[in-house]
Every structure is written in structure tokens, then in C-alpha cells.
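Me: I've just opened this one and I'm new to it. Could you walk me through it, one question at a time?

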Amino acid sequence: MMNLEQIDNKLKEMMTKTRYQHACRVSLLAQKIAEYYNLPIQKTMISALTHDCAKDYSLEELKNLVDKYNIKLNKVEKSIPKIWHAYVGAEMVKDIFMVDDWEILDAIRYHSTASSKLGLIGKIVYIADKIEPNRKLAKIRKLHEKVWEDIDLAMLELLNMELQYLICNKLIIHPDTLKARNKILMDRRVFEIGKIR
Ligand SMILES: [Fe+2]
Ligand SMILES: [Fe+2]
């Protein structure tokens, strides 16, 4: 596996400057959250820094990479080009940065749709990506405090927002997003949404 400095240098070649700056903000915030919850810092930072490594490729390039890495997209995934960079990104991180840690790869793979398979590192990347300092929406800003109280509740709020956004804009919902939300509720044995405040 490449070290953080090597990864960082390579990433600058793969991403536009603004995207790279986003990755750095996500990484910095993810690092703070990981420190706070006593989680592996290095793994969290690598996941966060690389999560969008494939985002600056054109759809055509992404399609080629999907073929190159033999990624099997199902019908729903084929209809949502916006999420392709996450699947391709995970394969590139494995291939180019020689990362074989499944927690890191899953964090990247599912940072766009979320997944019931996400562990704490994956959840932190998902959250940090959405609430990094440049995201200015008022309801997102309000979520910042929740992260330090309860990771799952912060994640639940973000999934609720994401699903509302997809519904309001008549966009396809990936089942993984719903499953991720259900998992959080079921883990808490709360089957009625109304019980969570
Ligand atoms: Fe992304
Ligand atoms: Fe991102």
C-alpha cells in the first residue's frame, strides 16, 4: 500500500484543484471525527482523501473504467451515472494505491449511495463528505453538533435528507440508500420513525 504522502501526490494528478481541496476538507473533518471516537486515523484519512478520486472523469471514461475493472453494475446502477465514480474509485484505489483493506474500499464504494454494510469508517466518510465546511446549507450546518453526539443519528438525518431530495426531484433511489436507513433504525430496535428525535 502506498503511504499517505504518495497517495496525496498521486491524487493531485487525478483530480481537479477544487475537487482535491474538497477531498482535503473531508479528510480533515473525518480525521477529527475518527479521533473523537477513537477510530483508526490513517484508515479514515485514506478513505476520505481518496473517496472522489474518480469523480473528475467523464462519463465515457467512467464507462471504460467500469469495463476495465469488470464492475458489474445492475440495472438501477446503470441508470444512475452520478454514483459510478464511487464504484470505479474503490477499484482504482485498490489498483493504483494498492489498498487491500476492505473497510477503506467499502467506505469509498458506498460513499455515494450509502449501504447497510457500512462500518464506522464508512459512515464517517459519508457524513464528512456531506457536511464538510464548504457545504453551506442551513440544515446541514445544524447537523454538525449531532456528529459529536451520535454518528448513527447524524447519518440517519443525512439519509432522510438525501431520500427527500431524490423523491422531490423525481430521481431514482438506489435500494442501498433505503437499506442503510433501515439498518440504522433496526439496529436501534426502533421500528417507528416517530420515536427518534
Ligand atoms: Fe462522490
Ligand atoms: Fe465528495
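Me: Which residue coordinates both the iron ion (ligand 1) and the iron ion (ligand 2)?
Reply: This is a predicted model, where local features need pLDDT of at least 70, side-chain atom pairs count only at pLDDT 80 or more, and totals for chains, interfaces and linings use all residues. Residues are numbered from 1 along each chain as its sequence is written, chains are lettered from A and ligands numbered from 1 in the order in which they are written, and side-chain values use heavy atoms, with hydrogens and water left out. The two iron ions sit 3.8 Å apart. The residue that coordinates both is Asp 52.

Me: Which residues coordinate the iron ion (ligand 1)?
Reply: Donors here are N, O and S atoms within 2.8 Å of the metal (3.2 Å for Na, K and Ca), and water is not among the atoms, so sites may look incomplete. Along the chain, the donors of this ion follow the spacing D-x32-H-x25-H. At 2.1 to 2.2 Å, they are Asp 52 (OD), His 85 (NE2) and His 111 (NE2).

Me: Is Asp 52 buried or exposed?
Reply: Buried means under 20% relative accessible area, exposed over 50%, and partly exposed in between (1.4 Å probe, protein chains only). Asp 52 has a relative accessible area of 3%, so Asp 52 is buried.

Me: What is the arrangement of the 4 donor atoms around the iron ion (ligand 2)?
Reply: The iron ion (ligand 2) is held by His 22 (NE2), His 51 (NE2), Asp 52 (OD) and Asp 129 (OD), at 2.1 to 2.2 Å. Four donors count as tetrahedral if all angles lie between 85 and 135 degrees; four count as square planar and six as octahedral if opposite donors are over 155 degrees apart and all others between 65 and 115; anything else is irregular. The angles here run from 81 to 176°, so the arrangement is irregular.

Me: Where is Asp 129 found, and which side chain does the side chain of Asp 129 make a polar contact with?
Reply: Helices (H or I, at least four residues) and strands (E, at least two) are DSSP runs, numbered from the N terminus. Asp 129 is found in helix H8 and is buried, with a relative accessible area of 7%. A polar contact is a pair of N or O atoms within 3.5 Å; within protein, one must be able to donate a hydrogen and the other to accept it, and residues adjacent in sequence count only if both atoms are side-chain atoms. At 3.2 Å, the partner of the Asp 129 side chain is the side chain of His 51.

Me: And which side chain does the side chain of Glu 132 make a polar contact with?
Reply: Glu 132 lies in the loop between H8 and H9. Glu 132 is buried too, with a relative accessible area of 2%. At 2.7 Å, the side chain it meets is that of His 22.
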